[in-house]
Amino acid sequence: MLHPKSADPFESLKTLRVLAIPEKNGKTEYEVDARNPEQTVTCVHSLFPHFSYSPCWYVKPRINQPIPM
């Protein structure tokens with residue numbers, strides 16, 4: 001699997017924590033988390049999880065999804 005450093009099997013990804021807050025009228029409001037605005041996720045370049053880290057091919061498409069409240 002291709003990754004930035006060929007010798008390092010782990011990769012750290014940084015993104016904003018976006019919260020999805022449901023409202024009474026059925027709409028959803030999106031806000032950046034005020035307490036922890038940035039999150040760092042470590043993943044491993046493999047097909048299966050290793051050392052309790054999820055594979056990067058699984059994490060990368062899901063990292064920008066809002067966190068439901």
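Start by selecting Trp57, which is found in helix H1. The model on screen is predicted, and helix H1 covers residues 56-59. Trp57 has a relative accessible area of 46%, so with buried set at under 20% and exposed at over 50%, Trp57 counts as partly exposed.

The backbone oxygen of Leu47 is 3.3 Å from a polar atom of the Trp57 side chain. Leu47 sits in the loop between S4 and H1 and is exposed, at 57% relative accessibility. Next, show the C-alpha atoms of Trp57 and Val44: they are 8.8 Å apart, for two residues separated by 13 positions along the chain.

Together with Leu47 and Trp57, Phe48 and Tyr58 make a nonpolar surface patch of about 490 Å². For context, the accessible surface of the chain comes to about 5,600 Å², and carbon and sulfur atoms account for 56% of that surface.

Hide the surface and select Phe51, located in the loop that links strand S4 (38-44) to helix H1 (56-59). Most residues other than glycine have a negative phi. The side chain can be viewed from outside the chain: Phe51 is exposed, with a relative accessible area of 68%.

Step on to Ser52, in the loop between S4 and H1. Ser52 has a positive phi as well, near 65 degrees. Ser52 is exposed too, at 75% relative accessibility.

Move to strand S1, residues 10-16, and pick Glu11. Is Glu11 buried or exposed? Its relative accessible area is 15%, under the 20% cut-off, so Glu11 counts as buried. Display the side chains of His45 and Lys60 alongside Glu11. The Glu11 side chain makes a polar contact of 2.8 Å with the side chain of His45. Another polar contact, of 3.5 Å, joins the side chains of Glu11 and Lys60.

With Glu11 still in view, show every side chain of S1. In a regular strand, side chains alternate between the two faces of the sheet. In S1, Glu11, Leu13 and Thr15 point to one face and are buried.

Then select S4 next to S1. Which way do the two strands run relative to each other, parallel or antiparallel? S1 and S4 run antiparallel and are joined by seven bridges. To inspect one of these bridges, select Ser12 with its partner in S4, Thr42.

**Zooming out**

Finish with a cartoon view of the entire chain. How many helices and strands does the chain have? The chain has one helix and five strands. Read from the N terminus, the order of elements is β-β-β-β-α-β. Colouring by relative accessible area picks out the buried residues, which make up 22% of the 69 residues in the chain.

Conventions:
Residues are numbered from 1 along each chain as its sequence is written. This is a predicted model: local features need pLDDT of at least 70, side-chain atom pairs count only at pLDDT 80 or more; totals for chains, interfaces and linings use all residues. Side-chain values use heavy atoms; hydrogens and water are left out. Helices (H or I, at least four residues) and strands (E, at least two) are DSSP runs, numbered from the N terminus. Buried means under 20% relative accessible area, exposed over 50%, partly exposed in between (1.4 Å probe, protein chains only). Accessible areas come from the Shrake-Rupley method with a 1.4 Å probe; for residues, only the protein chains shown count as cover. Patches are made of residues with over 30% relative accessible area and no salt bridge: like charges are joined within 9 Å, nonpolar side chains (Val, Leu, Ile, Met, Phe, Trp, Tyr) within 5 Å. A salt bridge is a side-chain nitrogen of Lys or Arg within 4 Å of a carboxyl oxygen of Asp or Glu. A polar contact is a pair of N or O atoms within 3.5 Å; within protein, one must be able to donate a hydrogen and the other to accept it, and residues adjacent in sequence count only if both atoms are side-chain atoms. Two strands pair if DSSP finds at least two bridges between them.
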